[in-house]
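Subject: A structure for you to explore

Hi there,

Here is the structure I promised to pass on to you. Have it open while you read, and I will walk you through what turned up.

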Amino acid sequence: MIRPITLLLLFLFVYSHSQAQRADSVIIRGRILNLTAPLYRQAPAITFTRNNLLQPQSELARQAPLQADGSFRVALPLIFPQEEVYLDYGGKVFTTFLASPGQVEITFDADSMFKARRLFYFAGVNAEANNQYARYAMEESRLLRENKRLGANFYDHLWEQGTLPVRRAVQNRADLRLSALRAAADQGVIAPALQRWARAITDEEQLTTLYEHAMANGVQVERDLLDSLNRLIASPLTLQRITWGQTFSNYATRQITEAAFANPNWNRSLPVDLLAQLIKTYVSPLSQSERVQLDRIISEERISRDGVDFLSSLYGRNRRLLDIITQFEKMKRAYSELYNSTAAEFLMARYLVDQFYLYNLDQQKIMYNHVRRQLEVPRIRQSLDELYRLEVKDSTLVRLAQTRTDLGQDPTEVLPGIWIAQSEGNGREWFKRIEELYKNKALYLVKWSLRDEASRREVAFVPALRAQLPDDVEVIYIHLPTEEMPPAQELWRQYILRHQLRGVHLYLNDAQAMQLLFRLNPISVPTFGILKPNGKNFTRRAPPPSEGAEAYKSLMKARQSH
């Protein structure tokens, strides 16, 4: 196997979390009391994670390294005045707290980690709400546990009910959850920030459930729910808000699909002046006479038959990019027709984020600028900015790796820990070669496809799993063709590098997949298998990487099997 990794690739443009502190950052500092040397070796840092309005899963995490005395400090950027932040200490203890620009101090005792009813103590911004939150959460959990109708069994028969009974049920559940606030109060005083926080969570759980109920029953949501869409940009930003935003986005997609089915001519084409403006902006070079003719079409907002041929000819000069942009513009028109301006902007930004994986780096930049110019809500615009920076933060390394000309049937390390192989040869012989290269290792086979959403969700869990594996276990990602138009290998490689999917990557074409039909059965995505060190199957139905503990356990058993 080839390892031509240079110092340039190892250290060039490494992303640093020590960016200049912004005015809208929260400084998180504190201390673990009674931190022992063994505990420090097991978990030398605390991870803090927050949300982004536009994406349920993103890498918005910062690690705070522990000092010898147990102290820590880290800055976390914020977009909203108040946001939920999640503390994870080495997978051992967790908590949620409310952050705002300023400083939060957190203290907890290592000796009490698994026995204290209240472990975390807060000072600084939102301290009163954060110190009351633990009691609120415990009381809420108790109430839901005791009231099974509104707790564990709440969703069992909800979807078959009519809209009015469901609205009453979700309100009753919200009232029960909010009643837990009384137990959180110190001397009868509930922190206003905690009240707003709890109310936001329960209100947005109601909205999530009502939108899901509408989709399950093929009906439209009531008018007041559409009126509530302005709260998408309200503070505080919570995980429940992200869930509701995802659900609303799914609902909007269904509404647009149904509208197009009912009226096939609805939103099929763009106004001629807009199309001419897009061509003028994104086709280059244009002659002076072509610009004059485009300006005339834009000003007159109508076109002759010769004008149609003229636009078609210019469109063909940059068809791929214009296809991407015109598809976005059609979706934008649909969003604007169905929803208010806040909701439409939210959906526009989400559409772009959801499509990033289908665009190369140049297309991502163009589309980001095109969409951003049309966003007027600052929190939506800033949320898009944040995700775009994440998307392109390693673009220099990605471009360098994309230019490699030495990729062959044996895996080549293109970035540290990321090995890529490509071949047009016989699939059985190629995979046999891969097995030979990794003999005496247990192999975790990850069968996935870039265009499959479930696949993308699962591969996001692989890096954390692989980081725990010993050297005699390797991950083999096998990209399978699942459609008539598989993604270009350029986008496949870009996705691997962008998301730091360490392991060995193979891209199979249709013929190779058929030749490996029995060896890799089942040939579907996402599925997972494990090969023993002797090359025999340990299981064809391995736990997915999202079930990290179970997957790890199976791999440890497989490496000891013969």
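First, some ground rules. This is a predicted model, in which local features need pLDDT of at least 70 and side-chain atom pairs count only at pLDDT 80 or more, while totals for chains, interfaces and linings use all residues. Residues are numbered from 1 along each chain as its sequence is written, and side-chain values use heavy atoms, with hydrogens and water left out.

**The whole chain**

The chain holds 22 helices and 15 strands; here helices (H or I, at least four residues) and strands (E, at least two) are DSSP runs, numbered from the N terminus. With a radius of gyration of 27 Å, close to the 24 Å that the globule rule gives for 562 residues, the chain is as compact as a globular protein of that length. That radius is taken over C-alpha atoms, and the globule rule is 2.2 Å times the number of residues to the power 0.38. Along its principal axes, the C-alpha trace spans about 80 × 65 × 50 Å.

How much of the chain counts as buried? The figure is 49% of the 562 residues, where buried means under 20% relative accessible area, exposed means over 50%, and partly exposed is in between (1.4 Å probe, protein chains only). The chain exposes about 26,900 Å², and carbon and sulfur atoms supply 50% of that. These areas come from the Shrake-Rupley method with a 1.4 Å probe; for residues, only the protein chains shown count as cover.

**The cores**

In soluble globular proteins, nonpolar side chains tend to be buried together. A nonpolar core here is a set of buried Ala, Val, Leu, Ile, Met, Phe, Trp, Tyr and Cys residues joined through side-chain atoms within 4.5 Å. The largest one has 130 residues, and those touching the most other members are Leu194, Tyr211, Leu229, Phe248, Tyr339 and Tyr444. Take Tyr339: leaving aside neighbours within four places in sequence, its contacts include Leu226, Leu229, Phe248, Tyr251 and Leu347. Another core, of 28 residues, lies apart from the largest one and has Ala43, Val74, Leu76 and Met113 among its members.

**Helix 10**

Helix 10 (residues 288–300) has 13 residues and reaches 18 Å from its first C-alpha to its last, close to the 18 Å expected at 1.5 Å a residue. The expected span is 1.5 Å times one less than the number of residues.

Which residues of helix 10 are buried? They are Glu290, Leu294 and Ile297. Seen down the axis of helix 10, the buried residues fall within an arc of 60°, so they line one face of the helix; the arc is that of the directions from the helix axis to the C-beta atoms. An α-helix has 3.6 residues a turn, so residues three or four places apart point the same way. Helix 9 (272–282) and helix 11 (305–315) are included in what covers the buried residues of helix 10. On the face turned away from the buried side sit the exposed residues Gln288, Ser289 and Ser299. Just after the helix, Glu301 takes a positive phi of about 60°.

Leu207 is buried at 7% relative accessible area, and Ala200 is buried at 5%. Leaving aside neighbours within four places in sequence, Leu207 is in contact with Leu225, Ser228, Arg231 and Trp244, while Ala200 is in contact with Arg231 and Pro236.

**Backbone details**

Pro236 is found in the loop between helix 7 (223–227) and helix 8 (239–262), and a cis peptide bond joins Ser235 to Pro236, with omega about 5°. The bond from Asn521 to Pro522 is cis as well, with omega near 5°.

Asn34, in the loop between strand 1 (25–33) and helix 2 (37–42), has a positive phi near 60° and is partly exposed at 44% relative accessibility.

Enjoy exploring!

How values were computed: Contact means heavy atoms within 4.5 Å.
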